[in-house]
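Hello,

Please find the structure below, with the sequence alongside. My notes on what turned up in it follow.

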Amino acid sequence: MNRRLFLRTGSLAGLTLTTAGLTALDNTKSLKDSAINQQGRFELEEITIDELQQKMKSGQTSSVTITQLYLNRIALIDKAGPTINAVIEINKDALAIAAAMDKERKAGKIRGPLHGIPVLIKDNINSGDKMMTTAGALAMTGNIAAKDAFIVEQLRAAGAVLLGKTNLSEWANFRSSRSTSGWSSRGGQTKCPYITDRNPSGSSAGSGAAAAASLCAVAIGTETDGSIVSPAAVNGLVGIKPTVGLWSRSGIIPISATQDTAGPMARTVRDAAILLGALTGVDSKDAVTMQSEGKYHKDYTGFLDAGSLKGKRIGIEKMHLKGNEKVVTLLRQAMALMERQGAILVEVEILKSIAELGDAEFTVLQYEFKEGVNSYLATANCKMKSLQDVIDFNLQNESRAMPYFKQETLISSQTKGNLDTKEYTDALAKSLSSRTLIGNLMKEQQLDAVCGVTNGLACCIDLINGDYDTGFSFSTPAAVAGFPHITVPMGCVHELPLGISFFGIAYTEPALLGIAYAYEQASKKRNKPTFKADLLK
């Protein structure tokens, strides 16, 4: 590729490379052809954290070089080419952070496995730098956080390079009942890198698409109900929704104090486990993290044993044994593989047992969203100081803020009272009953994990009608209970990835990671994206 032409294309696409970045591009031999090697392949494509560390340890490359290559990759395919549109903002300090990590490495200081590793985070997570934190909303433009979210502090302490922020479903998909996942008024529409007229799912659409397309080493998403595991599955990734309280939520634009958590999105179980451990810890600003004291680990990689399926009793969601025959076939194949690895499978009906909790969950989310957003905005560095301000802004700027769908979920949340309201306390009690229900079922059946299809095949992007159901969903049980949930690639149907889910009771991440790793190593179902325009091309 002509380097000058590439840089011009990247600039026209709206991505500005810093002077330091251009210097690195000119002076570093490994950056020849900008982001593509002589064989026409991106040299960091599908690369793991361990492989990046080995390259830096051997002196073959540096964090600055790696960071620049990812910046080039973003310009080449995210802002030009197939225009995945996963990244909403680049961190202008990324190369400086990388240079500092290289200097530490040269001096013999290695902070850990994330030292010098570029990471993208979702645009509802505060970063105390020059980047905005907007939840994808035009109303939040200009919100520069005064300090890092707790997990970003942890990320920096681990030596990671904060590469930038990813687009998302606006307000983490809590704006409208007919929204299009992956679309925000600030960031526009993110595409699925496998078939680009398909929806990458949400709300962590940008993090999912970015990690799948090798725009970063690993990414961070957030979930209230499905927003990590669904885009991870649709984008052929490993996604972990941790136990609520394993990762702090302070400094993250909220939906629900009961269900919210951030979590890793990566191409391998090991990479996800590395990121998971690095960001655990008790945070005085998030009381729920106090419950993780003595239960979290700073390194989960020791639980990754390829033989972990042997003797495990795994519940298989009965409702997922019917439906789209190609999806069911993949699940049946996964079940057969797990049995060959020594697992004992038991059919269960988790989804049926919690079906009546749906209304209670939504009631809880509306109350907690209003409370949480008002609390966040009260100290935010932007003109919005309340949820009502956001609603008013959207009405006053309707053509830009709401060109496709409206804000009925924001409005319904605004009508709710405080958290002492009986409607809320009753709904919360009902929703939290899921913990006992699931726990009792797992105890009765002596299950180590519950398994099902993470979600259905990616729907087409439809900004007029919004998302539509393609069958299969397994996020809600673990979401309402606050339990850990891991999705792993299960294979593809018509070149679109599907994920298989494993969840368990609170703080069973070690066991779930072992099961997920054993399945991953035995199946090897991760496929890199091909960036097809549509199924027929």
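Ser250 sits in the loop that runs between strand S7 (238-241) and strand S8 (261-266). Please keep in mind that this is a predicted model. Is Ser250 buried or exposed? Its relative accessible area is 16%, and the cut-off for buried is under 20%, so Ser250 counts as buried.

Which residues does Ser250 touch, leaving aside those up to four places away in sequence? They are Ala149, Phe150, Asp283, Lys285 and Asp286. With one of these, Asp283, there is also a polar contact from side chain to side chain, at 2.4 Å.

Ser250 also belongs to the description of a pocket. The second largest pocket has a volume of about 1,100 Å³. It is lined by 46 residues, and those closest to its centre are Arg249, Ser250, Gly251, Lys285 and Asp286.

As for where the lining comes from, helix H6 (150-157), helix H13 (358-378) and helix H17 (422-444) each provide at least two of its residues. H13 gives the largest share, 5 residues. Sorted by class, the lining of this pocket holds 22 nonpolar, 13 polar and 11 charged residues.

The remaining notes are about the backbone.

- The peptide bond between Gly202 and Ser203 is cis, with omega at about 10°. Ser203 is in the loop between strand S5 (188-189) and helix H8 (205-212).
- Glu46 is not a glycine, yet its phi is positive, at about 65°. This residue lies in the loop that links helix H2 (19-27) and helix H3 (49-57). With a relative accessible area of 22%, Glu46 falls between the limits of 20% and 50%, so it is classed as partly exposed.
- Lys524 is not a glycine either, and has a positive phi of about 50°. Its place is in the segment after helix H19 (509-523). Exposed means over 50% relative accessible area; Lys524 has 57% and is therefore exposed.

After that, find the cis bond between Gly202 and Ser203.

Regards

Terms used:
Residues are numbered from 1 along each chain as its sequence is written. This is a predicted model: local features need pLDDT of at least 70, side-chain atom pairs count only at pLDDT 80 or more; totals for chains, interfaces and linings use all residues. Side-chain values use heavy atoms; hydrogens and water are left out. On a 1 Å grid over the protein atoms alone, a cavity is a set of points where a 1.4 Å probe fits but cannot get out, and a pocket is an open set with protein on both sides within 12 Å along at least five of seven lines; lining residues have an atom within 4 Å of a point. Grid points are joined across faces, edges and corners, and a volume is the space filled by probe spheres set on the points. Helices (H or I, at least four residues) and strands (E, at least two) are DSSP runs, numbered from the N terminus. Ala, Val, Leu, Ile, Met, Phe, Trp, Tyr, Cys and Pro count as nonpolar, Asp, Glu, Lys and Arg as charged, and the others, Gly among them, as polar. Buried means under 20% relative accessible area, exposed over 50%, partly exposed in between (1.4 Å probe, protein chains only). A polar contact is a pair of N or O atoms within 3.5 Å; within protein, one must be able to donate a hydrogen and the other to accept it, and residues adjacent in sequence count only if both atoms are side-chain atoms. Contact means heavy atoms within 4.5 Å.
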